[in-house]
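Colleague: I would like to learn how to read a model like this one, feature by feature. Please give me the general idea each time, then the case at hand.

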Amino acid sequence: MSFFTVEPATPRLNRSELAVPGTNPKLFEKAAAAPVDIIFLDLEDAVAPDEKEQARKNIIQGLNEVDWRGKTMSVRINGLDTHYMYRDVVDVVEQAGHKLDLIMIPKVGTAADVYALDMLVTQIQTAKRQPKRIGFELIIETALGMMNIDAIAGASKRNESLSFGVADYSASTKARTTNIGGANPDYAVLTDKDGAGNRAAHWGDMWHYALNRLVVAARANGLRPLDGPFGDFSDAEGYKSSARRAAVLGCEGKWAIHPSQVALANEVFSPAEAELTKARRVIAAMEQAQREGKGAVALDGRLIDIASIRQAEVMVKKAEMIAGQGR
Ligand code: GLV
Ligand code: MG
C-alpha cells in the first residue's frame, strides 16, 4: 500500500440513480415511492430554456414539501457555460440546501469548474448556516472532461462520484452511436476464416476505454464511479447487460432514465446471496489463518490472501447498507 491515503467520499448506496425532470412535479411523488437509492431532479437537458425558471421553482418546492422517504437527493444544475447555472445554485441552495445531499454538475471540463462551484456553494452554505456539506456528483461527458479527469476528480472535498455521460460524450467525441449507451455493430472484429470459410463478427464495447478510465480516476480519489444512461428503456435485457459490464469494471451503480430501470440497476449492483455467503466464508477463513499466523490459505481449492479479505469486506459492508435502508 502507498503511504498516500485515499480518503473515501461519504458512503452512500448508489446502485440506482433516477433522473426526474424538474418540469413535472407529478413525477416527484412517484419517484419518492420508488425503491431507488438516489434521485436527481433535473434542471439541465430534460428542461427546455423557457421552462428553466418554473422547473427551478418546482424543484425548490418539491425538495421542501415532498416526503422523499430518506432518499439521497440531488439536483442537476445547468452547465457553467450557461447563464442559468448561477441562479440554479443560488436559489436551490439558499432555499432548499438543508434538504439537498448532492449537486450534480454536468459537462465538467476542468478542475477549475469544480473549484468555482465549490466556492459558490461554500459561500451560500456558510451565509445560510447550513451545517450539512452538500456533495458533488460530476458528469464526465466531454472529451475535455475525460482528458482532465484526474485533476477534476481531486478538485474538491465535496466530490463524491463521477458519472459517465455517454450521450453527451458521444456528441463531444463525434462517436458513431446507434442508441444511447448501446453497442454499435460496426465496433467489431472479424475472426479468421474457419475450415468452411466462415467468419464471425465479434462485437466490442465501444465505451470500454472511457468507462474504465473513469473507474480508475474515481477510485483513485475515493469517489464512486457510475455508469450513465441507457436510452432504450423498453430493452431490459440490454440495460442489464450494460449495467453488468459496468459492475464488472468496478462501477457502483447506473443511472435510470425511466423508473422501470431502477429495479434492474438495484439487482445488478447488489451482491448476490451466493457471493455474500462466499465472502463471509473468506472472512472467516482468513481470520482463522491470521490466528494461526498465516498470510494465505486455501478455500475450496483456491488460494485466498489478504486482498481476498478486502474484497469480501467491501461486499459484506454493501450488503449491510442495503439491509439498513430496507430496499
Ligand atoms: C448524460 O447527461 C449524458 O449526456 O449521457
Ligand atoms: Mg449529458
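Colleague: Does Asp300 count as buried or exposed, and at what relative accessibility?

Modeller: Buried means under 20% relative accessible area, exposed over 50%, partly exposed in between (1.4 Å probe, protein chains only). At 52% relative accessibility, Asp300 therefore counts as exposed. This is a predicted model: local features need pLDDT of at least 70, side-chain atom pairs count only at pLDDT 80 or more, and totals for chains, interfaces and linings use all residues. Residues are numbered from 1 along each chain as its sequence is written, chains are lettered from A and ligands numbered from 1 in the order in which they are written, and side-chain values use heavy atoms, with hydrogens and water left out.

Colleague: Where does Asp300 lie?

Modeller: Elements first. Helices (H or I, at least four residues) and strands (E, at least two) are DSSP runs, numbered from the N terminus. Asp300 lies in the loop between strand 11 (297-299) and strand 12 (302-304).

Colleague: What should I note about the phi of Asp300?

Modeller: Most residues other than glycine have a negative phi. Asp300 is not a glycine, yet its phi is positive, at about 50 degrees. Arg129 is another case: a positive phi of about 50 degrees, and not a glycine. Arg129 lies in the loop between helix 4 (111-127) and strand 5 (135-140). With 72% relative accessibility, Arg129 counts as exposed.

Colleague: How many helices and strands does the chain have?

Modeller: There are 12 helices and 12 strands. Next, look at the overall size. The radius of gyration is taken over C-alpha atoms, and the globule rule is 2.2 Å times the number of residues to the power 0.38. Here the radius of gyration is 21 Å, close to the 20 Å that the rule gives for 327 residues, so the chain is as compact as a globular protein of that length. The C-alpha trace spans about 60 × 60 × 40 Å along its principal axes.

Colleague: What percentage of the residues in the chain is buried?

Modeller: Buried residues are 47% of the 327. For surface, accessible areas come from the Shrake-Rupley method with a 1.4 Å probe; for residues, only the protein chains shown count as cover. The accessible surface of the chain is about 16500 Å², and 55% of that belongs to carbon and sulfur atoms.

Colleague: How do I read the contacts in the chain?

Modeller: Contact means heavy atoms within 4.5 Å. Take contacts between residues at least 6 apart in sequence: 71% of them join residues at least 24 apart.

Colleague: Which residues touch the most other members of the largest nonpolar core?

Modeller: A nonpolar core is a set of buried Ala, Val, Leu, Ile, Met, Phe, Trp, Tyr and Cys residues joined through side-chain atoms within 4.5 Å. The largest such core has 67 residues, and Leu41, Leu63, Trp68, Val75, Ile103, Leu162 and Phe164 touch the most other members. A second, separate core has 14 residues, including Val282, Ala285, Ala312 and Val316.

Colleague: What does Ile103 touch, not counting residues up to four places away in sequence?

Modeller: Its partners are Ser74, Val75, Ile77, Val93, Val121, Ile134, Gly135, Phe136 and Glu137, on that count. Ile103 is found in strand 4 (residues 102-105). At 2% relative accessibility, Ile103 counts as buried. Ile103 and Glu137 are 34 residues apart in sequence, and 6.1 Å apart in space, C-alpha to C-alpha.

Colleague: Where does Gln261 lie?

Modeller: Gln261 lies in helix 10 (residues 260-269). At 1% relative accessibility, Gln261 counts as buried. Leaving aside neighbours within four places in sequence, Gln261 is in contact with Phe230, Asp232, Phe233, Tyr239, Trp255 and Ala256. Gln261 and Val36 are 225 residues apart in sequence and 9.7 Å apart in space, C-alpha to C-alpha.

Colleague: Which residues does Leu264 contact, leaving aside its neighbours within four places in sequence?

Modeller: With those left aside, Leu264 is in contact with Ala236, Tyr239 and Lys240. Leu264 is also placed in helix 10. At 15% relative accessibility, Leu264 counts as buried.

Colleague: What about Gly182: buried or exposed?

Modeller: Gly182 is buried, with a relative accessible area of 8%. Gly182 lies in the loop between helix 7 (166-173) and strand 7 (188-190). Not counting residues up to four places away in sequence, Gly182 touches Trp207 and Phe230.
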